[in-house]
Amino acid sequence: MRVLVVEDEADLADAIARGLRRDGYAVDVAYDGDEAVDKATINDYDVVCLDLNLPRIDGIEVVRRIRADSRRPSPRVLMLTARDSTRDRIAGLDEGADDYLVKPFDFDELKARVRALLRRDAGRSGALLRVADIELDSSRHEARRGGHQLPLTPKEFALLRYFMSRAGQVLSQEDLLEHVWDENADPFTNTVRVTVMTLRRKLADAGDSQPIETVVGRGYRLREQP
Amino acid sequence: MNPPGWLVDRLPEWARSIRFRYTLLYSAVLFGLAAFVVAALYLVLLMALRGEPVSTGNRGKICDLQQVPPQCFTIDVFSARELERRVNTQTLAKLRNYSFGALGVLFVASLGVGWVVAGRVLRPIGRITAVARDIQATDLSRRIELPGPDDELKQLADTFDAMLARLDAAFAAQRQFVADASHELRNPLAIIRTNVDVALADPHADPDDLRHAITVVKRASDRMARLVDDLLALARRQEPVFEHEPVDLGAAVAEASDDFVVPAAARSIVLDRAIAPEVMVTGDRDALKRAVANLLENAVRLAPAGSRISLATGSEGDSAWIAVADEGPGIALDDQAHVFDRFWRADKARSRADGGTGLGLAIVRQIVESHGGKIRLQSKVGLGSSFVIWLPIASTAPDPSSRPSPAPALTPADRARTRPSFDPPSD
């Protein structure tokens with residue numbers, strides 16, 4: 001899952017990015033509105049955490065421009081702001097924000113809201129994802145297969161979560177790079193292939209079949225039936 | 001006329017109204033006038049009818065010629081006069097009675113008419129009261145907007161409207177200030193909280209990560225401390241003038257600028273000081289020092305390394321001036337009107353990172369204005385900015401109404417010289 005953090009307070013933006021990365025999200029940071037719009041036109045984000053009060057272009061204008069870009073699927077927008085009046089909230093939500101969080105916030109709440117926004121896309125309820133005999137609890141950061149806990153790195157966890165949120169769909173290496181890795185990943189390395197390989201090995205070790213199959217020439221697919 | 005207090009308290013509510021008193025006054029006056037007219041009429045008639053009777057007093061003889069010898073009587077004319085007098089007395093008595101009746105009817109009618117007329121005249125006041133009550137309960141953005149001719153009541157309503165507009169603006173400014181202040185305080189709070197949350201959530205954080213988080217928290221809390229200081233400085237100085245003492249302006253300015261010699265030198269900025277001696281003003285020495293310090297702090301923070309900052313004081317006529325000129329980035333013409341607003345920043349991201357709270361110039365303006373002075377700004381983008389504070393000189397006695405007047409002109413050419421020169425204030 002790829003997240004864009006837009007916040008002009010660098011100390012805050014970096015802390016949010018660090019916290020989300022540790023949870024396995026691919027996080028990019030933009031420090032002003034222009035940079036945010038630029039990044040959103042280049043990359044596909046699942047969630048944008050957006051400060052309302054930005055230098056040059058304000059948050060509401062950023063939402064408008066991101067939403068206006070019809071070439072890309074619209075990301076979920078979580079508005080972060082120090083303004084707490086009802087009028088500000090209404091303005092933010094009316095202009096296309098999906099959720100609203102007032103500063104200062106509890107970081108666990110931010111993570112919960114990001115998860116909730118991601119679930120809207122997956123069309124599932126609860127923090128628990130389940131595909132065949134694989135279970136993934138994104139709030140507790142745990143994954144199991146057939147009751148056995150999987151010892152996953154944050155990147156593998158993020159990859160599995162992305163597969164599970166799109167179970168049955170064929171996902172290309174580009175899709176995975178786009179949504180699971182941030183902009184610092186080198187597109188010319190085989191990092192995606194290697195991570196998929198280690199994830200498949202860990203899944204196979206915990207069960208008796210391989211749930212992620214290779215679709216030749218197109219990518220990978222997580223099977224919905226065992 | 002106002003009835004005594006003990007009486008008013010006992011009256012029922014309708015009897016305490018202006019409408020009732022107005023009615024009473026109106027009918028009393030009308031009744032009095034009518035009674036006077038009737039009485040005058042009566043008296044005039046009385047005098048006229050009691051005078052000489054219409055017939056003249058001749059004596060005559062009346063003889064009965066049918067009797068033989070004919071009998072003659074002398075007729076007494078006075079008895080006819082008596083008769084007339086009686087008739088007159090009766091007429092006057094009737095007139096008096098009818099007059100009393102008519103006056104009674106007039107009194108009752110005048111009460112009724114007075115009540116109706118008073119109600120009609122006072123109706124706009126009822127409307128003003130109702131709307132004012134409503135506004136007080138709901139929002140200050142509404143106005144009475146009394147229709148009708150430009151009479152006393154309309155003037156009253158318009159005065160109310162003007163007052164409401166001022167109140168509304170004052171409340172709005174206050175609300176905006178609170179919103180801005182909470183916004184400014186929440187940002188560093190969010191930085192602290194998120195960094196602490198993220199650092200605590202990682203059980204395997206290495207010392208470098210923790211050190212980084214602590215550094216960030218320190219930075220944010222420093223910023224909050226500065227902001228709280230400035231907010232308190234603003235809030236405390238709502239009074240017109242805080243201290244009334246003679247202040248040697250040159251000495252105060254020199255003292256305030258001493259703190260900036262080292263920071264300026266550290267950025268290889270030359271701080272030029274041309275301070276005139278023996279200029280006395282009245283006010284709060286610490287506040288004036290703070291005003292100068294805020295101007296210098298901005299200049300030192302924003303001016304490029306190797307540039308020159310000029311600080312000068314002097315006097316012209318009955319005004320003293322302090323000028324601070326830098327060769328910094330300058331302020332765009334559109335922004336010049338806003339620089340003294342609270343929380344206004346030319347470049348939010350940049351000045352916040354530099355440690356500006358956005359309150360420095362607002363504090364300067366407040367201090368200067370509370371001393372009965374004025375502050376003027378001249379600036380050109382790329383060339384620099386110059387701020388000039390005008391204060392009334394002490395010998396002329398502090399008088400808030402005699403504000404020193406306008407704009408000293410400071411052209412870039414002036415600033416280019418080593419010593420800044422300023423035009424005197426002109427009326």
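At what angle do α7(B) and α10(B) pack, and how far apart are their axes? In this predicted model, the two helices pack at an angle of about 150°, and their axes lie 9 Å apart. The crossing of α7(B) and α10(B) is left-handed. On the α7(B) side, the contact is made by Ala287(B), Leu288(B), Arg290(B), Ala291(B), Asn294(B), Leu295(B), Glu297(B) and Asn298(B). The α10(B) side contributes Gly360(B), Leu361(B), Ile363(B), Val364(B), Ile367(B) and Val368(B). Sorted by class, the residues of this contact are nine nonpolar, three polar and two charged.

Helix α10 of chain B, which spans residues 360-370, also packs on helix α5 of chain B, residues 207-236. Here the angle is about 20° and the axes are 10 Å apart, which makes α5(B) roughly parallel to α10(B). This crossing, too, has a hand: α5(B) and α10(B) cross in the left-handed sense. Asp230(B), Ala233(B) and Leu234(B) of α5(B) meet Ala362(B), Ile363(B) and Gln366(B) of α10(B). By class, four residues of the contact are nonpolar, one is polar and one is charged.

The axes of α6(B), residues 249-266, and α7(B), residues 285-302, come within 8 Å and cross at roughly 30°. The two helices are therefore roughly parallel to each other, and their crossing is right-handed. From α6(B), the contact draws on Ala252(B), Val253(B), Glu255(B), Ala256(B), Ser257(B), Asp259(B), Phe260(B), Pro263(B) and Ala264(B). Facing them in α7(B) are Arg285(B), Leu288(B), Lys289(B), Val292(B), Ala293(B), Leu296(B) and Val300(B). The contact of α6(B) with α7(B) has 11 nonpolar residues, along with one polar and four charged residues.

Strand β4 (residues 270-274) and strand β6 (residues 308-316) of chain B pair in the parallel sense through five bridges, with Asp272(B) partnered by Ser310(B) in β6(B). Strand β6(B) is joined as well to β7(B), residues 319-325, by seven bridges, and these two strands run antiparallel. Within that pairing, Thr313(B) has Ile322(B) of β7(B) as its bridge partner. The strands β6(B) and β7(B) form a hairpin with two residues between them. In the turn, Gly317(B) has a positive phi of about 60°.

Turning to chain A, five strands form an open parallel sheet in the order β2-β1-β3-β4-β5. Its edge strands are β2(A), residues 26-30, and β5(A), residues 99-102, each pairing on one side only. From one strand to the next, the twist averages 20°. Strand β1(A), residues 2-6, is joined to β2(A) by five bridges, and the two run parallel. Val5(A) stands opposite Val29(A) of β2(A). Helix α3 of chain A (residues 59-68) lies across β1(A), β3(A) and β4(A), and runs at about 155° to β3(A).

Another open sheet of chain A has four strands in the order β6-β7-β8-β9, and here the pairing is antiparallel. At its edges are β6(A), residues 128-131, and β9(A), residues 148-149, each of which pairs on one side only. Four bridges connect β6(A) with β7(A), residues 134-137, in the antiparallel sense. Arg130(A) is placed opposite Glu135(A) of β7(A).

The two chains meet in a contact that takes 20 residues from chain B and 19 residues from chain A. On the side of chain B that touches chain A, α4(B), α5(B) and α9(B) each supply at least two residues. Among these elements, α4(B) gives the most, with 13 residues. The residues on this side of chain B divide into nine nonpolar, four polar and seven charged.

As for confidence, the model scores ipTM 0.72 and pTM 0.61. Chain B has a mean pLDDT of 80, with 82% of its residues at 70 or more. Over residues 396-427 of chain B, pLDDT stays under 50; for this stretch the model has 57 contacts beyond four places in sequence.

Notes:
Residues are numbered from 1 along each chain as its sequence is written. Chains are lettered from A and ligands numbered from 1 in the order in which they are written. This is a predicted model: local features need pLDDT of at least 70, side-chain atom pairs count only at pLDDT 80 or more; totals for chains, interfaces and linings use all residues. Axes are lines fitted to C-alpha atoms, for helices over the stretch in contact, and angles run from 0 to 180 degrees between N-to-C directions. Angles under 35 degrees count as roughly parallel, over 145 as roughly antiparallel, 65 to 115 as roughly perpendicular and the rest as oblique. A crossing is left-handed if the near helix is turned anticlockwise from the far one by less than a right angle, and right-handed if clockwise. Two residues are in contact if their C-beta atoms, placed from the backbone, lie within 7 Å. Ala, Val, Leu, Ile, Met, Phe, Trp, Tyr, Cys and Pro count as nonpolar, Asp, Glu, Lys and Arg as charged, and the others, Gly among them, as polar. Two strands pair if DSSP finds at least two bridges between them. pLDDT is the predictor's confidence in each residue, from 0 to 100.
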